[in-house]
Amino acid sequence: MKITDIKVIVCSPGRNFVTVKIMTDEGLYGVGDATLNGRELAVVAYLEEHVIPCLIGRDPHQIEDIWQYLYRGAYWRRGPVTMCAISGIDTALWDIKAKAAGMPLYQLLGGASRDKVLCYTHAQGTDIAECVDAVGAKLDQGFKAIRCQTGIPGLPNVYGTGKYAVTTNAADDAMPREEMWSTPKYLNYAPKLFEAVRNAHGEDVHLLHDTHHRLTPIEAARLGKALEPYNLFWLEDTVAAELQEGFRLIRQHTTTPLAVGEVFNTIWDARLLMEEQLIDYIRMTVVHAGGITPMRRVMDFASVYGVRTGCHGAMDMSPICLGANLHLDLWAPNFGIQEFSGYLPEILDVFPSAWTLNDGNLHPGEAHGHGVDIDEDLAAKYPYQRAYLPVNRLEDGTLWHW
Ligand code: CS2
Ligand code: MG
């Protein structure tokens, strides 16, 4: 088999997506997600100018060699733009291989280790009462695990809450919005949220929380300790992800399980965290990690240290990325949970998907390949819109982690 053509499709059905489509001389094609939220066109240029010309005529079955060629061969390794581009290619190649084998992708990975994939969804509110109600609504929909985020008195527009809770491209995102942060206000308020949610909804629901890299290690340690009575499934992204050693201090002080890694893009970003068992869940995901090939390695490496998986799955990971993650989730012996924030209906129309959601669990489906496609005609009706993630400042104006 030979690769005859590779297209990069950019569309914005409510938010921007970059999709790679690889065509072959045998009529089989595969698709992969290459979306990097807020930096989409940088990945498009990387693919069109530097990757695609090298792959025309190659055998699409040589997934490992093509991955090494694009990663090692580039000399300039790592980084989100590079790894999202490689991921788009790698995911499309696995899609082709599984279609050629006449199997759903999870069978090629080693088969299913479980019947269904537990997922967590999001509940948020501008205040605690609203968030408690939102948790109730998600429980009514059948979800078993719920990430809770609340606005904080005195701080407008806190991440994951209010108007900006859904990660769509709002009209006012054409330039970066500015949010405001205060760690003291947050640390005093966050435990009250979980006290209220447990009081209202009991012990059975798994509760998660995301701090979006905004704390220092000692602040994270304090928060983890304060949340212990509420038995969280995980506390996510407490400190800046670059500071792997910072987790040593957090770990010494709290038994709240820790998750990190949505901004990592290679196994080396998480090596120390896993080797020293400083985390419980690794949040890396197919699109940002460079594809299915390296994600399988991350999952295996994590399993050596008792670390479980918790793939990032916000709406800016396209349904293709979710589909690919779900095949890995179904296979991985050390699977933990899959994030699922859901999609706008127009996104699901553009990306016809074989995966299903039932009673708080996902399944990748039995379609050959990874089971997600793109409707190119429909995608063309939603042109790209420039959109940024927000930036974050402390109350005195200092630029802070977002
Ligand atoms: C978040 C994301 O899902 C999460 O845990 O941290 O919403 C993240 O902010 C976005 O994916 C950024 O693109
Ligand atoms: Mg997060």
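Let's start with ligand 1: there are 15 residues around it, and the ones that come nearest are Asn37, Tyr159, Glu262, Asp316 and Glu339 (a residue is near if one of its heavy atoms lies within 4 Å). Keep in mind that this is a predicted model, where local features need pLDDT of at least 70, side-chain atom pairs count only at pLDDT 80 or more, and totals for chains, interfaces and linings use all residues. Residues are numbered from 1 along each chain as its sequence is written, chains are lettered from A and ligands numbered from 1 in the order in which they are written, and side-chain values use heavy atoms, with hydrogens and water left out.

By class, the shell around ligand 1 splits into five nonpolar, three polar and seven charged residues. Here Ala, Val, Leu, Ile, Met, Phe, Trp, Tyr, Cys and Pro count as nonpolar, Asp, Glu, Lys and Arg as charged, and the others, Gly among them, as polar.

The table gives some polar contacts (pairs of N or O atoms within 3.5 Å).

| Side chain | Distance to an oxygen atom of ligand 1 |
|---|---|
| Glu339 | 2.5 Å |
| Arg283 | 3.0 Å |
| Arg147 | 3.3 Å |

On its own, ligand 1 has 340 Å² of accessible area, and the protein covers 93% of that (Shrake-Rupley method, 1.4 Å probe).

Now for the strands, which are DSSP E runs of at least two residues, numbered from the N terminus. One open sheet has three strands in the order β1-β2-β3, with antiparallel pairing (two strands pair if DSSP finds at least two bridges between them). β1 (3–11) and β3 (29–33) each have a single partner strand, so one side of each has no neighbour in the sheet. From one strand to the next, the twist averages 20°. Strand β2 (residues 17–24) is joined to β3 by five bridges, and Met23 sits opposite Tyr29 in β3.

Helix α3 (residues 80–101) lies across β1, β2 and β3, at about 145° to β3. Helices are DSSP H or I runs of at least four residues, and angles, taken between N-to-C directions of lines fitted to C-alpha atoms, run from 0 to 180 degrees.

Another open sheet of three strands runs β6-β15-β16, with mixed pairing. Its edge strands are β6 (178–181) and β16 (399–400). Strand β15 (residues 391–394) pairs with β16 in the antiparallel sense over two bridges, with Asn392 opposite Trp400 in β16.

Methods
A polar contact is a pair of N or O atoms within 3.5 Å; within protein, one must be able to donate a hydrogen and the other to accept it, and residues adjacent in sequence count only if both atoms are side-chain atoms. Contact means heavy atoms within 4.5 Å.
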